[in-house]
Amino acid sequence: MARARWLVVGAYVGAIYGTLPYGPVIGRTVIRSALGAWLLGSGMGLVAALAAAGLLAALARRGAPRGAYVALGAAGAGYALALSWLRAQHLERVHLPEYGIMTWLAWWALAPHVRGVRGYAAAAALAPGRYYDLRDVAANALGAVLGALVLGAIRAARRARVSDVSSARRSPQAAGSSSR
C-alpha cells in the first residue's frame, strides 16, 4: 500500500514536469476563453471563498476543535493575500492549487510514517519542487503551506467527529438508555 501511495505521488510530479514545455501555451489558451479568464482572474477568489465556506460548514457540523478553525482562517487569509499578490500574474495562480494538491498527496504517502504536525510540515516541505525564479519558489511554497493548513483543518474535524462517535458508543446515556 505504501508503494502505491508513492507511485501516485510520482505520477503527479511526473505530470507536473511533463507539462512544463506545454504549460504556458495551455495557460494562454485557457485564459483567452471567457471561463478561463474569469476562473484565473476574479473567479478564483470566489471559488476559494465558496470552498472556505463549505469547509467552515463542515467543521461546524463535525464539531471541530478551535485549532481547525484557526488553520482554516490562516489558510483563507493566505489565499486572499496570495491571490492579491498574484493579481497581475493570472497564470501563476495555478501554482496555489497545484502545489496544495501535491502537499496532500505527499502527506498521504508520509502519513503512515510521520504523524501529526510534523507530517503536514514534511509534506509541505516536499511539495514545492520545480521553480524558475523567486516568484515561482514563493508561489509553490505558499500553495504547499496553504494546502497543509487546509488538510490539517479537515483532518482535525474528522478526528473530532470520530472521537464524538466513539464516545457516544461507549456512553449508555448517549445510546438512549437510562440508569433509573
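Leucine 59 is buried, with a relative accessible area of 3%. That value falls under the 20% that marks a residue as buried. Leucine 59 belongs to helix H4.

The model described here is predicted. The secondary structure of the chain comes to eight helices and zero strands. Read from the N terminus, the order of elements is α-α-α-α-α-α-α-α. The chain has 180 residues, and 32% of them are buried.

Helix H4 counts 21 residues. From first C-alpha to last, H4 reaches 31 Å, close to the 30 Å expected at 1.5 Å a residue. Which residues of H4 are buried? They are Gly43, Met44, Ala58 and Leu59. Looking down the axis of H4, these buried residues fall within an arc of 150°, so they line one face of the helix. The face turned away from that buried side carries the exposed residues Ser42 and Leu50. Just after H4, glycine 63 takes a positive phi of about 65°.

Leu50 also takes part in a nonpolar patch on the surface. Helix H3 (34–40) and helix H4 (42–62) each supply at least two of its residues. One member, leucine 46, lies in H4. Leucine 46 counts as partly exposed, at 44% relative accessibility.

## Helix H5

Helix H5 has 20 residues. Its first and last C-alpha atoms span 28 Å, close to the 28 Å expected at 1.5 Å a residue. The buried residues of H5 are Ala68, Ala71, Leu72, Ala75, Gly78, Ala82 and Leu83. Why do they line one face of the helix? Seen down the axis of H5, they fall within an arc of 125°, so they share one face. An α-helix has 3.6 residues a turn, so residues three or four places apart point the same way. On the face of H5 turned away from the buried side sit the exposed residues Arg66, Val70 and Leu81.

In H7, the buried residues include Gly119, Tyr120, Ala123 and Ala124. These cover an arc of only 130° around the axis, which puts them on the same side of H7. Val117, Arg118 and Ala125 are exposed, on the face of H7 turned away from its buried side.

The structure holds one aromatic pair. Tryptophan 107 and tyrosine 120 form it. The pair is stacked: the ring centres are 6.0 Å apart, with 25° between the planes. An angle under 30 degrees counts as stacked. Tryptophan 107 lies in helix H6 (residues 95–110) and tyrosine 120 in helix H7 (residues 116–126), so the pair ties together parts that are 13 residues apart in sequence. Are tryptophan 107 and tyrosine 120 buried or exposed? Both are buried.

## The salt bridge

The structure also holds one salt bridge. It joins the side chains of glutamate 92 and arginine 135, at 3.7 Å from N to O. Glutamate 92 lies in the loop between helix H5 (66–85) and H6, while arginine 135 lies in helix H8 (residues 134–170), so the pair ties together parts that are 43 residues apart in sequence. The C-alpha atoms of glutamate 92 and arginine 135 are separated by 8.6 Å.

How exposed are the two partners? Glutamate 92 is buried, with a relative accessible area of 13%. Arginine 135 counts as partly exposed, at 31% relative accessibility. Side chains of opposite charge can pair when their charged atoms come close.

## Accessibility at a glance

The table gathers some single residues from the sections above.

| Residue | Relative accessible area | Class |
|---|---|---|
| Leucine 59 | 3% | buried |
| Glutamate 92 | 13% | buried |
| Arginine 135 | 31% | partly exposed |
| Leucine 46 | 44% | partly exposed |

How values were computed:
Residues are numbered from 1 along each chain as its sequence is written. This is a predicted model: local features need pLDDT of at least 70, side-chain atom pairs count only at pLDDT 80 or more; totals for chains, interfaces and linings use all residues. Side-chain values use heavy atoms; hydrogens and water are left out. Rings of Phe, Tyr and Trp (its six-membered ring) pair if their centres lie within 6.5 Å; planes under 30 degrees apart count as stacked, over 60 as edge-to-face and the rest as tilted. Helices (H or I, at least four residues) and strands (E, at least two) are DSSP runs, numbered from the N terminus. Buried means under 20% relative accessible area, exposed over 50%, partly exposed in between (1.4 Å probe, protein chains only). A salt bridge is a side-chain nitrogen of Lys or Arg within 4 Å of a carboxyl oxygen of Asp or Glu. Patches are made of residues with over 30% relative accessible area and no salt bridge: like charges are joined within 9 Å, nonpolar side chains (Val, Leu, Ile, Met, Phe, Trp, Tyr) within 5 Å. Accessible areas come from the Shrake-Rupley method with a 1.4 Å probe; for residues, only the protein chains shown count as cover. The expected span of a helix is 1.5 Å times one less than its number of residues. The arc is that of the directions from the helix axis to the C-beta atoms.
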